[in-house]
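Here is a briefing on a disulfide and a helix pair. Look over the sequence and structure first.

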Amino acid sequence: MHNKTLVAAVVGLGLISLSACGSSSGKSSADSKTVTLVSHDSWAVSKSVLQDFEKQSGYHVKVLKDGDAGQAVNKAILTKDNPQGDVFFGVDNTLLSRALDNGLFQPYQAKGLDQVGAAYQLDQGEHRVTPVDYGDICVNYDKAYFSKHKLTPPQSFADLAKPEYKNLLVTENAATSSPGLGFLLGSAAQFGDKGWPEYWKKLQANGVKVVDGWEQAYYQEFSGSSEGKKAGGDRPLVVSYASSPPAEVIYAKKRPSTAPTGVASGTCFRQIEFAGLLSNARNTKGAKAFIDFLVSKEFQEDMPLNMYVYPVLKGAKVPAEFTEYGPAAQHPETMAPGKIAANRDQWVKSWTSLVLK
């Protein structure tokens with residue numbers, strides 16, 4: 001499942017361990033045949049697809065999974081003068097400005113970028129990052145619960161504050177979780193800079209439960225996931241992803257005819273992930289080849305069932321399970337990177353004092 005917890009990304013770079021500093025010592029050569037990818041723990045690719053790249057390019061790929069998304073970004077910033085690798089994958093639009101403002105990447109315009117939708121190219125003028133995938137952070141609901149209680153599932157942000165949904169929603173901490181932060185930004189996009197605090201007051205009064213991260217929310221608190229049922233989860237509404245219902249179908253021991261969970265389509269926030277050529281990378285030539293590979297048709301079509309995200313390449317085929325059980329939101333909330341950069345940290349501080357007091 002697509003899980004990217006931030007772990008203190010918004011409380012400052014100084015809290016992240018410096019244990020990785022200096023760990024990338026070794027031969028410095030642009031002709032090195034090893035390309036090191038630094039990413040979050042959710043990175044995944046089919047073995048055969050990665051082997052195709054290695055065979056065609058002549059480069060061996062070393063993968064360094066560096067914890068949760070926010071932790072990985074912060075550590076990469078702290079070690080940018082002596083980076084752990086050559087390519088970084090996994091910075092998203094909620095934290096993109098932090099990476100760019102700290103000079104984490106050097107410009108590179110990937111081959112095939114002209115076949116990537118303009119809406120995903122948030123650094124189009126300078127090409128310091130390359131869009132690789134997108135997904136929608138949305139409220140998921142337990143179909144069985146709502147059927148049993150003869151209750152219509154909520155479909156919008158506003159619905160979640162209605163009395164009939166009291167004590168039903170669990171979300172992630174916006175200060176420690178990527179989907180939690182995305183849900184906060186979605187509410188700010190929906191209700192405006194001044195309106196979102198009042199909305200969260202209503203959610204709090206309506207019994208919203210806040211936990212640290214996605215795994216706890218989805219697998220322990222949510223009643224609709226296969227693991228949540230075993231754990232005794234009693235919340236039929238959870239902040240997750242539009243791609244969560246297909247995952248429930250694909251990973252079921254016996255494939256059901258319909259997904260056991262649904263998506264409240266009016267609660268979605270669009271998340272875009274990027275890769276970039278790290279400043280001071282040792283193998284820039286290999287790194288550029290790997291970034292090209294990330295937007296190739298082979299990787300883009302392999303990616304959905306490995307990381308449960310959608311391809312950004314025009315014409316890339318999406319698995320039938322995605323189309324049937326978890327189509328991307330038609331009208332997700334979005335927010336300009338500049339606005340996120342200007343408000344993110346203060347909003348999270350305000351949200352924390354308001355919701356976690």
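**Disulfide and helix packing**

A disulfide joins Cys138 to Cys268, with S to S at 2.1 Å; the term covers a pair of cysteine sulfur atoms within 2.5 Å. The model is predicted: local features need pLDDT of at least 70, side-chain atom pairs count only at pLDDT 80 or more, and totals for chains, interfaces and linings use all residues. Residues are numbered from 1 along each chain as its sequence is written, and side-chain values use heavy atoms, with hydrogens and water left out.

**The disulfide**

- A search of the whole structure finds one disulfide.
- Cys138 sits in strand E5 (residues 130-142) and Cys268 in the loop between strands E9 (261-263) and E10 (269-278), so the bond ties together parts that are 130 residues apart in sequence.
- Strands (E, at least two residues) and helices (H or I, at least four) are DSSP runs, numbered from the N terminus.
- The S-S torsion of Cys138 and Cys268 is about 115°, so the disulfide is right-handed.
- Cys138 and Cys268 are both buried (under 20% relative accessible area, 1.4 Å probe, protein chains only).

**The helix pair**

- Helix H1 (residues 47-57) packs on helix H9 (residues 284-294) at an angle of about 140°, with axes 11 Å apart.
- Axes are lines fitted to C-alpha atoms over the stretch in contact, and angles run from 0 to 180 degrees between N-to-C directions.
- Val49, Leu50 and Phe53 of H1 meet Ala289, Phe290 and Phe293 of H9; contact means heavy atoms within 4.5 Å.

Technical notes. Buried means under 20% relative accessible area, exposed over 50%, partly exposed in between (1.4 Å probe, protein chains only).
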